[in-house]
Amino acid sequence: MTPCCSVVLFDSAAASNVRSPMERLPSEWDNDEVLRWLITIIQRPTVAKSDITATFPFERFRDLNGNELLQLKETDLNFLPPERAQYLLKKVRDLTPRSQGPILWQFLRDELQHPENPLDPTMEWVDRAEGIFKIRSARSAKILAEMWGARKGNNNMTYANLSKAIRTYYKQDIILAVLHVRYTYQFGPESTGWRITSDPVWHFN
């Protein structure tokens, strides 16, 4: 059967004309935003090693909106090999709000992009293209820890506690260490929603 559509991917200066990454909640994504997310996670180097990009049936997802994406079950993906279905479901679960409450790396990302106090933000980008950011000062670190504590219902949250929690992401490649630079971190390949020009461009035939 001839696929109903094809996806054309490229990474060039033309990518600068693509709109910025999805800023809305995943449940609010439209069909295009779902496809952009799918292409982003499938294109990652760790996935490409299994040659998943060349054969992934993007056309099966072209009518899917964000709410439907979040409700995907294993039985909905029986057209995929089991390991690919499990990979996709894991990434979908990462988008889903979890019962344990707010997720720290997402809180940091959102505070960077939409600071609670725009006139006095706690963090700033050092190199947005590379995902490197920093907490602006010791005072900012204290305020940021208090903000995170308020989200978690912990009035005793300190920056020492916060930084310890951030370091747990290092082994997961969600946040990376920036050595010898205080208050500075980098989003890793397993984090999403912060890139501005790395999304691929596509069109349907």
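Me: Which residues have the most contacts inside the largest nonpolar core?
Reply: They are Leu104, Leu108, Ile135, Tyr159, Leu162 and Ile175, in a core of 25 residues. Keep in mind that this is a predicted model.

Me: And which helices and strands each supply at least two residues of that core?
Reply: Helices α6, α7 (138–152) and α8 (159–167) do, and so do strands β2 and β4. There is also a second, separate core of 22 residues, with Ile39, Phe56, Tyr87 and Val92 among its members.

Me: OK, back to Leu104. What is it in contact with, leaving aside neighbours within four places in sequence?
Reply: Leu104 touches Trp148, Leu162, Ala165, Ile166 and Tyr169.

Me: Switching to the sheet. What order do the strands come in?
Reply: The order is β1-β2-β4-β3, in an open sheet of four strands with antiparallel pairing. β1 and β3 (175–177) are at the edges with a single partner strand each, so one side of each has no neighbour in the sheet. From one strand to the next, the twist averages 40°.

Me: How many bridges join β1 to β2?
Reply: Four, between β1 (residues 123–127) and β2 (residues 132–135). One of the pairings is Asp127 with Ile132 in β2. Four residues sit between the two strands of this hairpin, and Gly131 takes a positive phi near 80° there.

Me: And what about β2 and β4?
Reply: Three bridges join β2 to β4 (residues 184–187), again antiparallel. Lys134 stands opposite Thr184 in β4.

Me: Which helix lies across those strands?
Reply: That's α6 (residues 104–113), which lies across β1, β2, β3 and β4 and runs at about 90° to β1.

Me: New topic: helix α1. Is α1 largely enclosed or left open, and why?
Reply: Largely enclosed by the rest of the structure, because 10 of its 12 residues are buried. The buried ones include Trp37, Leu38 and Ile39, and also Glu33 and Arg36.

Me: How far apart are the end C-alpha atoms of α1?
Reply: They are 17 Å apart in α1 (residues 31–42). At 1.5 Å a residue, the 12 residues should span 16 Å, so the two values agree.

Me: What goes on at the start of α1?
Reply: A side-chain oxygen of Asp30 comes within 3.1 Å of the backbone nitrogen of Asp32.

Note on methods. Residues are numbered from 1 along each chain as its sequence is written. This is a predicted model: local features need pLDDT of at least 70, side-chain atom pairs count only at pLDDT 80 or more; totals for chains, interfaces and linings use all residues. Side-chain values use heavy atoms; hydrogens and water are left out. Two strands pair if DSSP finds at least two bridges between them. Axes are lines fitted to C-alpha atoms, for helices over the stretch in contact, and angles run from 0 to 180 degrees between N-to-C directions. Contact means heavy atoms within 4.5 Å. The expected span of a helix is 1.5 Å times one less than its number of residues. Buried means under 20% relative accessible area, exposed over 50%, partly exposed in between (1.4 Å probe, protein chains only). A polar contact is a pair of N or O atoms within 3.5 Å; within protein, one must be able to donate a hydrogen and the other to accept it, and residues adjacent in sequence count only if both atoms are side-chain atoms. A nonpolar core is a set of buried Ala, Val, Leu, Ile, Met, Phe, Trp, Tyr and Cys residues joined through side-chain atoms within 4.5 Å.
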